[in-house]
Structures are given as C-alpha cells and as structure tokens.
Amino acid sequence: MADIDSLDTTVFDAIILGTGFTQTIVAAALARAGKSVLHLDENDYYGGESGAFGFRDLLTWADKVATVSSDSSSGDDKIEFNKLVARAYDHVEVQLYREGRSNDTVIDLTSVLASHKDASVEDRVKAVEEHITAAYTRNDHSKEVKEAIYTLASWAAASESLTTAANFKTVSFSQIAALEEFVKTTRKYNFDLSPKLLYSRGPLTNLLISSGIGKYLEFKLLERTAVYETLTDKVEMMPTSKEDVFVSKALSLKEKRLLMKFLQFAVDYENQKEVWEDYKSALFTQFAQRAYGLTDKVLTAVVYAIGFDGNDYATTAEGLKSVKVYLQSLGRYGNSAYLCPLYGVGSELAQAFCRVAAVYGGIYMLQHELDKHNVDKEANQWKSVVDQTGQTLQANQLICTREYLSKDMDAYLEARILNRSYVSHCILVTDRSAFGETTLCKTLFPKGSLVLNPDEAHPRKNEHTISVLQVCGGTMSCPNDRFILYFWAESDSPKTTAKEELTAAIRKLVHIPGDALSLKAPVSESTPEPAHEETAVDFKAPHHLGDAPAEDQPRMSLDQELDMEQVREEILKAEKKLFEESETNTPVPSRPSTPAPPTASGSGGKPLSKPFQKSKSATTLSTMSDVAPKALFSLFYKRTTSWPRVPYPIGSENLTPLPSNLTVLKPMNHSLDFEAATEEARAVFERLCPGAEFLPPTPDPEDGVSGY
C-alpha cells in the first residue's frame, strides 16, 4: 500500500475508487494494457461489498454500517463515503444463540439498563459490562472472555435506533462462552458479504486461466445441489450430472429419459433455433413444459438445480444459455459444474486481480479518505478528486461505485431509479452440516414454496427464490468443526427485514434455539440434564477444533483441467444407455464408471497432479443430517441493488447527465455467480481501450520473463 506523500506524480490515465470485484478486474486490465492506474479505497480491506472478514472484523463491519447516520449537510461536491455505504444496508441484526440447557445461568440486565437509561452510551456500556463481569462466576476471565463480555454489553446498551443486535436484555453463561470461542477462532473464519460460486467453464474461470491470474488461486468443487419440495416438505438432492441421472431414485426411468433428451438439446440449442425461437421471450419454464413435456420433478431439476442463475423470471433464451454454461462446466475439473474459491470468495479473487495491476505499475492505497470531486460543469467533464490531505489527483477517466460519488452525482442516479431492488442476506454458523455427509452444497427454495408468516392469519409466501450455500472448513472459511450457511434472496420491499424474508428457509435446515418452528434440537440438548455446580458446566460446543473428519475432496488449482470437452457426446451416450435399459428392462447401475483422467500419451493432455474429483453420489447421501445442526450465530442484513433502468421516472430525462469520463459500476447482484460483473468489467475496458486485448496472458516468472 503506497503512501500519498511518496508519489512522484498525481496525474494518471485512470483513477479507480473502491476495490470491489468489478473495479479490480478493470484495474488489472488497464494496467496490463499499459495505462497508469491509481486505485484508492477508503476501507481497510479488499473487496468492497464482496469483502471477506474474520469474526471480529465482521462484527466491526456490521456495527459500522448500522450506526453511521445517512443525514447529510455538506456541499454538493463532497464525498460522503461512510454515509453512502451505511445507506446501502438496512435491517442489520446480530443473533448469538443460547445453549438451550436447563442449567444455563441467565444474567438479567433489565435493572442496570433502566438505572442508566439517561447516561451516555459509554457510561451505559461500562455499567452493563461491570454487571455481567460480577455475575459471571467462572474463574477464567481471559482477555477473550473480557472481550466477549464487552461486546455483549455494547449490544445490550445500544440505543433503540441501533439495529446491530437483537434484544439483549438478558445474557446467558452459554452466550458468553460461545462468543469467547468465536473470538479465539476469529482468524479461522472468512465470512463473505456476497457469497458466490464460479462456473468451471464460465467467463470468469476462462479469464482466470487465459490471463494466468488463476494459477495462484485454489478451489474446491461444489459437491451437491438440493431443492426444497413443498409437497413433501423436504430438501431433496437433485440429479445434476450424467452420473446423478443414472443413480437418482427421485426420478422414474421415463423422467430420466425426458431429462437426458432435454439436456442433449440444450447443449446444442443455438443450432436448433427452430425449436425455441417462438418461445424466445417467453418464460423458460413455459418452454420446457410445452415443448418438451417435462414433469414437475424434471422441471425442478432443470430450472433450479441446473439452469437457475438468480433470475426467477428468466426467458427461454436466458434459461437455455444458463443450462448450456452449466453443462459445459460439467467434467472440466470433476463431476461438478461449480468451483468454490478458498479463503473467502470475493476478497480472494479481488486481491488476485489487484496483484496483477500492482505488478504492471498500478498504485494502491487502502484507508485513504477522499474529500470531494472537481467537475468542469460547462464541459460536463470530471477533472480530479481531492483527498483529505488536500492533494488533488487527476486522471483522464474515473471508475467507481456509487458510494464514492459526490452528493449531486448521487442525486442524479437516485432520480433515475423507478423500480427499486434489494437483496436480503443471512450469515449463519452451525455446529454440523445440514446435509449429512455433504459439506459443500447449494440449496434453493423456489419462489412461493415457503410461508414467511405462519403465525399470521393471512399467509405471505416468498416472492423470490431463496439461495443457500453451505461451506465447510475445507474451504478455509471456518474451523473444521463448524459450517457456514449463507442465505440470500432478491427483495422488492425496503420495509420487510432480511430476518422476516429468510427465517422460513433457515427453519427447514437447522435448529434455532427458542424457535419451536425450526428443526428439533439434538436429543442431548432437548433432554434436561441433572443440575451441576455452575463452575463444572461446560457451555462450549461439544466439538473442538480439528475433531471433524477429514474431507475426501482435495484442494485443486485451475491447471488441473481434465480433457472432457465433448459434453454433447457424453450426453448422447448416456441417453442411448437409458433407452437400451428401457428396452431390455435392465436395472440402472448404482454407480457408473468414472472417466479416466487423461494422460500425456493418450489424449494429449497433461496428467493430473491430483485425482479426479467426484461429487458425492445421490445413492450414498443423506438428504439431511440425522441430527439437526444447531444455529450458533447469525447476522442478517439487507443490501440495496437499485440501479437506473428503463423505464426511467418521468422528468428525469431533463437532468444533467453524469460527466462523460465518469464510469459508475453497478452494485453486486444476487445471482449465484460472478458472470455479470465479469462482463461489465470487460465492457468498461473495451470502451476505454478499443482494440486492446482484455487481460492477455501474463509472463511466467519461471520462464525468466518479468511480469506476474
């Protein structure tokens, strides 16, 4: 990270504000093309809205976005970064769940809060902290325990306008012990603010390979995909590959043939336009049912397990494109279409692109506060940005996200937005997998499949599909005896909270202490235990770090590609086999053979350094855990993704547009992958550098060539 005082020049080809995912790709591409790039960020971390945090930093971030006021009284040219970031988030709420045991001592904070209701926040926190410390009779008062008590006191003493925490009017011994454990293991967590996956053969993965940027990243294959079935009230594993179709017990032989026939068409749909041209703008589900007669079960597998990219209203053209990308991704690195980066998704990828930009001359400054923009209003040209030290930084082009705009620039975008959109998020930590032996899994709750308000007279169902991604210690996202479940869904209303929109899905997967509608508690916790001395009670989780069984999927890098590009031929062979079995009445094999890895002498590809990775077979999986996982910690928040799009509000066409040399990037969307952000970055680069190659291969240092 550079020091502004050491810069030899303050004039650049491009200044980029924010190290969000899209900005980092643009920065790397511009620097690689020989442009001088200055990359600034007011945050102290990479990734922006796609950042990744340890446990302690996650709480700091949540407190920051929940407490900064959105009121403004500064000049129109001023940059109010913290206020604009806070405005983008709402309904932030922390939950730290209790152990649920009958001998869990509870500390009542009502009296101390009442006696200090008129005191300053600092004095109120101190009083609550002292009250908890005096009541906590465990002998161990380590620095982690003291930090846990202070954190709980801060939540309990927060003013009513602060939504960072739930109602902490009482604190239990188990909550203190649980928070102590989280503090001790804070560096073992990498919580993603915007969790996503990569298609094995999608635009981003292809870019990482072609540019050489991906050679220093590591991944794991997604194991399974599950979909919630309303009729059975179960989360069922879906057949998402050739092997799964063979062994699936969820589909009849007729349904398997329908699915294979549709997949055969989808992988080559662009050459069969006569089949789908009349349905081009119709809903994808409508085409699949009418043109191919897919049953509800097969339609669920196609639309949600295979072709869902976050758009509940995908057209036939959009749906077929998603299905094809999925099918092309199967087999590239194993029997799965998705890759999950290690050490946190967005932040790790962002840093990889930043390293390339830095190697090619890009200058980086984190925690660098900015003051205002200078704009030539007559020419409507952005001229420079002034930082808090008073230094003026000039460039031909400015690329940023909305939180770095001045007050008048932001007002223009705000006036151009008619239909607003949001994404509800929940980060949930559990003590075991929600899917039995499966540790890395995505799950979908289709729109309309859940009742969000079961206690009310007029039921309200989820208006958008809820996506769930479970990650494990093998992704370096959490300790080995913990699991993180990310829940998120698109939302149309700013009033409903993320908790209201996502809790129904959470209840189907985990036990929430104190919530009778969630899965039942583990037997050992639901049965009252004999009373013991408080000092002898172990309130910590029953597992300890390192107790989890070793995982059967190794890490992998992008140079371990298998020579399996003939997806269409594989599907044809599978379909032929299904037809033969139907005619001869031969039972479907329980475990088909796995294609052998290519060898240098066989197919011309280079041998793998690690074994072929397979997703777990549907016949060897439990759909759910035998014992319900217990919720330990959760963070809910709602993020705005509103953006100007047609139709624009009446009268907004008369507003003065943004400067022509200013590019404002879109917020991260709710889709499962990074493809939209990747394509936006490419479009920005091609507009700024027409004719230049977008992130060409970087020289390999091992070849003796200077570069990345």
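Q: Is K508 buried, partly exposed or exposed, and what is its relative accessible area?
A: K508 is partly exposed, and its relative accessible area is 27%. Here buried means under 20% relative accessible area, exposed means over 50%, and partly exposed is in between, with a 1.4 Å probe and protein chains only. This is a predicted model, where local features need pLDDT of at least 70 and side-chain atom pairs count only at pLDDT 80 or more, while totals for chains, interfaces and linings use all residues. Residues are numbered from 1 along each chain as its sequence is written, and side-chain values use heavy atoms, with hydrogens and water left out.

Q: What does K630 pair with?
A: K630 forms a salt bridge with E99, with the closest N and O atoms 3.3 Å apart. K630 sits in the loop between α19 (567-584) and β21 (631-640) and E99 in the loop between β4 (89-96) and β5 (106-108), so the pair ties together parts that are 531 residues apart in sequence.

Q: Are those two buried or exposed?
A: K630 is buried at 3% relative accessibility, and E99 is buried with a relative accessible area of 7%.

Q: What about R56, which partner does R56 have?
A: R56 forms a salt bridge with E147, the closest N and O atoms being 2.7 Å apart. R56 is in helix α2 (residues 55-67) and E147 is in helix α6 (residues 143-156), 91 residues apart, which makes this a link between distant parts of the chain.

Q: Switching to α2 then. Which of its residues are buried?
A: The buried residues of α2 are F55, L58, L59, W61, A62, V65 and A66. They line one face of the helix, because they fall within an arc of 160° seen down the axis of α2. That arc is taken from the directions from the helix axis to the C-beta atoms.

Q: Why would residues on a helix point the same way?
A: An α-helix has 3.6 residues a turn, so residues three or four places apart point the same way.

Q: New topic: strand β1. How many of its residues are buried?
A: Five of the seven residues in β1 (residues 11-17) are buried, which leaves the strand mostly covered.

Q: Which strands is β1 joined to?
A: Six bridges join β1 to strand β16 (residues 392-400), and the two run parallel. Four bridges join β1 to strand β2 (residues 37-40), also in parallel. Two strands pair if DSSP finds at least two bridges between them. As an example, the bridge partner of F12 in β16 is A395.

Key. Salt bridge = Lys/Arg side-chain N within 4 Å of Asp/Glu carboxyl O.
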